[in-house]
Structure formats: structure tokens, C-alpha cells
Amino acid sequence: MNTQLKWSEKANVKKSRKNPWKKEIKKNWPLYVLCIPALVFVLIFAYGPMVGLVMAFQDYKPWLGITGSTWIGWDNFARIFQYKEVTQSIINTLIIAVIKIIVGIIVPIFMAILLSEIRNMGIKKSIQTLVYLPHFLSWVTVAGIMIDILGLDGGINHFLTNFLGLKPIFFLGDPTLFRPTIIISDLWKNFGFGMIVYLAVITGIDPSYYEAAEIDGASRRQQIRHVTLPSMMPMIIVIATLSLGNILDAGFDQIFNLYNPLVYSTGDIIDTYVYRSSLLNGQYGFGTAVGLFKSGISFILIVISYRIAYKVANYKIF
């Protein structure tokens, strides 16, 4: 009798292992029904346009369409490294993106630690709101404000010329100043979001660690060094590692709204070059090839970064 029960239990286990997804769908079918609109949206607007990637392998002509354009294979990809503008845009993208990543990690950590040391909750929440608010502004809005402030007739140059007697500075037209302007403005807009993440980590640290350090005679600076920073380190590693996937994303919205032909040498990135070469100059096949090249490299970097995050900090999405 016992043997028969054991065999029946094993058979049921095998059966459940064979079709676990059927059981899951039957159990949670309302949730899957709710996912259908989102799935349809992704299929139409994310995967549907991928049909256009065929243009990267064609001498695409809009009047001939995808089916009528000449197939040229890898010629568009071979042209990527033949143009100086493409190479320069790749270099600009790497420089701007890497500096943004480094600064975008260090400053939020520093600000989160400083904010956590404020004991007055009213002041703390006010500062937190003020630094987080720019994150919700679009780059179109921020770019308009920056152009008004940093232009030759803007507020800063008005102060420099009328009160200090200095020459006006063309922040958005000088190639040497454009990158720092882009990086500082991006930091001002987005560091509040990163600060909130690190502040949440600090809030979750066990207070007994600080009490033990205080009993041992540790100062506030020593407590930050030996308790706060080590506790934040797993999150720092995760964010820094996952940022590798964005190393070819220097911020199209920001640069597109702020750059001009005077700063192409230092401010033109891959995304803005693709926009100009394809939509403005009509080189649709070549522009698609550059964009696909960037996407392929980014995909590889994202896979590598997730593997590193899993190995170092045991972070995983699935």
C-alpha cells in the first residue's frame, strides 16, 4: 500500500513538473489578462519598428521602400569607421557618458550622507524636495532655462559684463566649455534621484551599528567611514555596474536641445549624429547602421554588467 502511494506521489510530482506553466496560468489568469494591453503596446511600439533595421543592410530609398531598395550587405557598417565625424561622435559619447556616470555616482553618495546627518526633519525634507524636483522637468524645459541663463545676453553674462567688467562667455557655443556645461546641468537635474536611492539605504542601516561604534568612541566621521559607507557598498556596486550598460548613452534629449554646429567637435554624440545623417541628410541606411552598431555594443555591455552585478553583489532581475 505504501509503495503504491509513493508511486502515485511520484507520478503527480512528475505531472506537475511537466506542465508547471499551465498550472500557473490557470491560477493567476486574471493577472495575465491585465498584462495583455502592455504586451500589445510593447509589440507594436518596441518590436514592430525593428523591421526597419533591414535598412542598415540596404541603400535605402524612401520612394522604393524596404522591399524595393538595393541590398548592399555590410557596406553601411564598413563606412562607419571611414568617416571622421562618426569616430568623433563615438569618442564624444564615451567621454561624456563616462564622466556623467562617475560624477552621477559620487555626488549622490556625498549628498545622501550629508543629508542623513541633518536631524531637523523639516529642513531635511525641504532640501530633499528641492534637489529631487528638477528630475521631473523635461530637457526641453531645462534647455530653455539654460539658454536664457547661459546665453550671451543671459543672466550670468549680464552679471559678468555689467558688474565685473569681464567679457561675455559663450557657454553653449565654445567647444571647450560645452562638455562641462552638459555634465554639470545633467548632474543638477538627476543627482536628486540617485540621492534618494542612497538615502533609503542609509535609513535601512541597523542603528545598533552606530550605537556600538559610538560606545567604542568613534566620531561621526569615523562612523560614516566604517559603518555608513560599507553598508552602502552593495548598492554602490550594483548601480556602478549596471551603469556600464549606459556607457554609449550620453543623453540625446539633453544634447539635442542644447548643441549647435559650433560645438559638434566636442558635443556631437552617436544619437545626434544618427539623427542628422538619417533624418536630415537622407542617409537612412547609414544612420540605421550606426544606430544598430551602438545598440549591439550596448546590449553586450548590459549583459556583461548584469553578470558582474550578479557575481559581485548577488544582484539579479530574473
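User: Where does G48 lie in this chain?

Analyst: This is a predicted model. In it, G48 sits in the loop between helix 3 and strand 1 (58–59).

User: How far apart are G48 and A309, in sequence and in space?

Analyst: Read the two separations side by side. In sequence, G48 and A309 are 261 residues apart. In space, their C-alpha atoms are 31 Å apart.

User: Let me step back to the whole chain. How many helices and strands does the chain have?

Analyst: The chain has 16 helices and 2 strands.

User: What does the radius of gyration say about the spread of the chain?

Analyst: Compare the value with what the globule rule gives. For 318 residues the rule gives 20 Å. The chain has 27 Å, which is well over that, so the chain is more spread out than a compact globule. The box tells you about extent along the principal axes: the C-alpha atoms fill roughly 100 × 75 × 35 Å.

User: What share of the residues is buried?

Analyst: Buried residues make up 33% of the 318 residues.

User: What share of the contacts joins residues 24 or more positions apart?

Analyst: Take the contacts with a separation of 6 or more. Residues 24 or more positions apart account for 66% of them.

User: Now the helices. How do I describe two packed helices?

Analyst: Use the angle between their axes and the distance between the axes.

User: Which residues make the contact between helix 7 and helix 10?

Analyst: Helix 7 brings Q128, V131 and Y132. Helix 10 brings F191, G192, F193, M195, I196 and L199. By class, the contact of helix 7 with helix 10 has 7 nonpolar, 2 polar and no charged residues.

User: How do helix 10 and helix 12 cross?

Analyst: Helix 10 covers residues 175–203, and helix 12 covers residues 220–242. Their axes come within 9 Å and cross at roughly 140 degrees. That makes helix 10 oblique to helix 12. The cut-off for roughly antiparallel is over 145 degrees. The crossing of helix 10 past helix 12 is right-handed.

User: Which residues of helix 10 and helix 12 meet?

Analyst: From helix 10 come V197, Y198, V201 and I202. From helix 12 come T228, S231, M232, M235, I236 and I239. The classes in the contact of helix 10 with helix 12 are 8 nonpolar, 2 polar and no charged.

User: Back to single residues. Is K294 buried or exposed?

Analyst: Check the helix, then the accessible area. K294 lies in helix 16 (residues 284–313). Its relative accessible area is 12%, so K294 is buried.

User: Which residues is K294 in contact with, beyond its neighbours in sequence?

Analyst: Set aside neighbours within four places in sequence. K294 is then in contact with L248, D249, I270 and D271.

User: What about N314: where is it, and is it buried or exposed?

Analyst: N314 is in the segment after helix 16. At 57% relative accessibility, N314 counts as exposed. N314 and V238 are 76 residues apart in sequence, yet their C-alpha atoms are 9.0 Å apart in space.

User: One last residue. Where does E211 lie?

Analyst: E211 is in helix 11 (residues 207–215). E211 counts as partly exposed, at 48% relative accessibility. E211 and K125 are 86 residues apart in sequence and 25 Å apart in space, C-alpha to C-alpha.

Terms used: Residues are numbered from 1 along each chain as its sequence is written. This is a predicted model: local features need pLDDT of at least 70, side-chain atom pairs count only at pLDDT 80 or more; totals for chains, interfaces and linings use all residues. Side-chain values use heavy atoms; hydrogens and water are left out. Axes are lines fitted to C-alpha atoms, for helices over the stretch in contact, and angles run from 0 to 180 degrees between N-to-C directions. Helices (H or I, at least four residues) and strands (E, at least two) are DSSP runs, numbered from the N terminus. Angles under 35 degrees count as roughly parallel, over 145 as roughly antiparallel, 65 to 115 as roughly perpendicular and the rest as oblique. A crossing is left-handed if the near helix is turned anticlockwise from the far one by less than a right angle, and right-handed if clockwise. Contact means heavy atoms within 4.5 Å. Ala, Val, Leu, Ile, Met, Phe, Trp, Tyr, Cys and Pro count as nonpolar, Asp, Glu, Lys and Arg as charged, and the others, Gly among them, as polar. The radius of gyration is taken over C-alpha atoms; the globule rule is 2.2 Å times the number of residues to the power 0.38. Buried means under 20% relative accessible area, exposed over 50%, partly exposed in between (1.4 Å probe, protein chains only).
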